[in-house]
Amino acid sequence: MVNVKTSSGSDALTDTKEISKDKPLLEIRGVSKKFGDFTAVNNVDLDIYQGELFCLLGGSGCGKTTLLRMLAGFEKPSSGQILIDGQDMSEVPPYKRPTNMMFQNYALFPHMTVEKNIAFGLEQDGLAKTEILDKVDSILKLVELQEYKKRRPQQLSGGQRQRVALARALVKEPKLLLLDEPLAALDKKLREQTQFELMNIQEKVGVTFVVVTHDQEEAMTLSTRIAVMDKGRFIQTGTPTEIYEYPNDRFVADFIGSANILDGKVVSNIDGMVEVSTYLGKFSLTSNSNISKGSNLYVGLRPEKISISRTSSKSTNITGYIDDIGYFGNTSRYKVRLDNDQIIDVTAQNQKRPKDEKDRLTYEDKVQLSWDNSSAMLLLK
Ligand code: ATP
């Protein structure tokens with residue numbers, strides 16, 4: 001058993017649970033989908049392993065739902081191949097696939113009770129009554145809805161309805177559960193709480209989940225791995241830590257969290273130690289990409305990796321003036337203007353409650369910024 005990793009990240013990044021990488025459960029091989037002249041999914045390749053909670057993450061229209069629908073069999077790929085457990089799915093209709101789909105709007109039957117909603121699929125499959133009762137009972141326990149089983153969907157809260165939909169999808173014991181924006185209908189607080197419930201349930205049942213979401217925080221919290229999509233392509237695939245700490249390019253660096261992006265020129269590349277010159281000075285960064293001296297690329301510096309203070313110290317990298325402040329309670333976001341009029345974003349944790357106004361950084365304060373060189377990110381494009 002090893003952690004799932006991609007080639008881009010370091011082995012020290014262990015935010016994933018143990019997943020066996022012996023054989024992929026899902027293999028996506030050069031899959032494209034065209035609608036007329038428009039390419040919604042463009043030649044994607046991906047392996048997903050048993051027990052993973054994998055997120056397809058991207059903005060509106062990037063092709064993530066189309067890809068999910070191809071996995072479910074609701075859309076046919078224009079080219080490429082999808083295999084589940086080694087079996088080619090090209091000619092397998094949705095109802096014969098070892099998959100089940102949980103829809104964004106849950107698609108519950110309003111006239112049926114919770115237990116009838118959950119039992120429906122099993123009844124269609126012709127299972128014996130006692131077996132259905134047993135299965136429904138144990139799945140109701142899993143999602144902690146036993147006492148609600150006689151209610152109808154409209155007599156439940158949004159979070160409870162979400163759990164009924166999940167129970168109904170899981171009760172058929174799919175190998176692969178496909179979830180389209182599973183938490184989108186919930187408000188922010190409930191969504192955060194439900195993310196942890198969803199992870200716990202997935203861990204208990206061990207079913208592989210593929211989740212479509214446009215919410216970066218949700219993908220970061222839920223996933224063993226994420227594929228970031230844009231214009232039908234996978235831009236980067238990796239664990240949440242790999243994607244956040246080692247984005248390949250400006251799109252990913254800015255899509256997941258935020259980053260100060262600096263234009264850079266490569267001064268030297270000696271055995272993978274790349275020295276890049278930027279308006280914030282020189283950065284020495286490691287890379288195994290083939291980068292030649294003189295080439296233009298970018299350096300990313302996340303706002304929370306920069307320290308801000310009124311007092312200068314040996315570690316000060318640059319001085320600036322506070323141009324703007326966003327106060328969020330737990331953190332504050334500062335826009336710091338440098339002498340060359342460039343603006344740097346800095347996020348600071350509000351660890352201490354300020355005793356008085358003097359204690360608080362304010363507009364036009366002269367501030368010292370510092371950072372650890374190793375937290376800068378090398379962005380190739
Ligand atoms: P969202 O988060 O907004 O749902 P998405 O990433 O899931 O976005 P898709 O639903 O996969 O995006 O759509 C990708 C692109 O393909 C969009 O531009 C969409 O208009 C187009 N598309 C999807 N289905 C069809 C269809 N049946 N016919 C024509 N174009 C389609």
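## Ligand site and fold

Strand 4 (38–49) and helix 1 (64–72) each contribute at least two residues to the shell around the ligand, where helices (H or I, at least four residues) and strands (E, at least two) are DSSP runs numbered from the N terminus. The model is a predicted one, in which local features need pLDDT of at least 70 and side-chain atom pairs count only at pLDDT 80 or more, while totals for chains, interfaces and linings use all residues. Residues are numbered from 1 along each chain as its sequence is written, and side-chain values use heavy atoms, with hydrogens and water left out.

Helix 1 provides the largest share of the shell, three residues. The ligand is surrounded by Phe35, Phe38, Ala40, Gly59, Ser60, Gly61, Cys62, Gly63, Lys64, Thr65 and Thr66, a residue being near a molecule if one of its heavy atoms lies within 4 Å of it. By residue class, the shell divides into four nonpolar, six polar and one charged; here Ala, Val, Leu, Ile, Met, Phe, Trp, Tyr, Cys and Pro count as nonpolar, Asp, Glu, Lys and Arg as charged, and the others, Gly among them, as polar.

| Residue and polar atom | Distance to a ligand oxygen |
|---|---|
| Gly63, backbone | 3.0 Å |
| Thr65, side chain | 2.5 Å |
| Thr66, side chain | 2.5 Å |

Taken alone the ligand exposes 630 Å², of which the protein buries 56%; accessible areas come from the Shrake-Rupley method with a 1.4 Å probe, and for residues only the protein chains shown count as cover.

Elsewhere in the chain, Lys188 and Thr194 both belong to helix 5, which runs over residues 188–205. The side chain of Lys188 makes a polar contact of 3.0 Å with that of Glu192. Thr194 is buried, because its relative accessible area is 2%, with buried meaning under 20%, exposed over 50% and partly exposed in between (1.4 Å probe, protein chains only). Its side chain reaches the backbone oxygen of Leu190 at 2.5 Å, and, leaving aside residues up to four places away in sequence, Thr194 touches Gln162, Leu183 and Leu186, a contact meaning heavy atoms within 4.5 Å.

Where does Glu242 sit, and is Glu242 buried or exposed? Glu242 is found in helix 7 (residues 240–245), and it counts as buried because its relative accessibility is 0%. The side chain of Glu242 reaches the backbone nitrogen of Thr239 at 2.9 Å.

The chain as a whole has eight helices and 22 strands, and its C-alpha trace spans about 75 × 50 × 45 Å along the principal axes. Buried residues make up 48% of the 381 residues. Among contacts in the chain with a separation of 6 or more, 66% join residues 24 or more positions apart.

As to confidence, the mean pLDDT of the chain is 90, and 95% of its residues reach 70 or more, pLDDT being the predictor's confidence in each residue, from 0 to 100. Over residues 1–14, however, pLDDT stays under 50. Where pLDDT is low, the predicted coordinates should not be read in detail.

Note on methods. A polar contact is a pair of N or O atoms within 3.5 Å; within protein, one must be able to donate a hydrogen and the other to accept it, and residues adjacent in sequence count only if both atoms are side-chain atoms.
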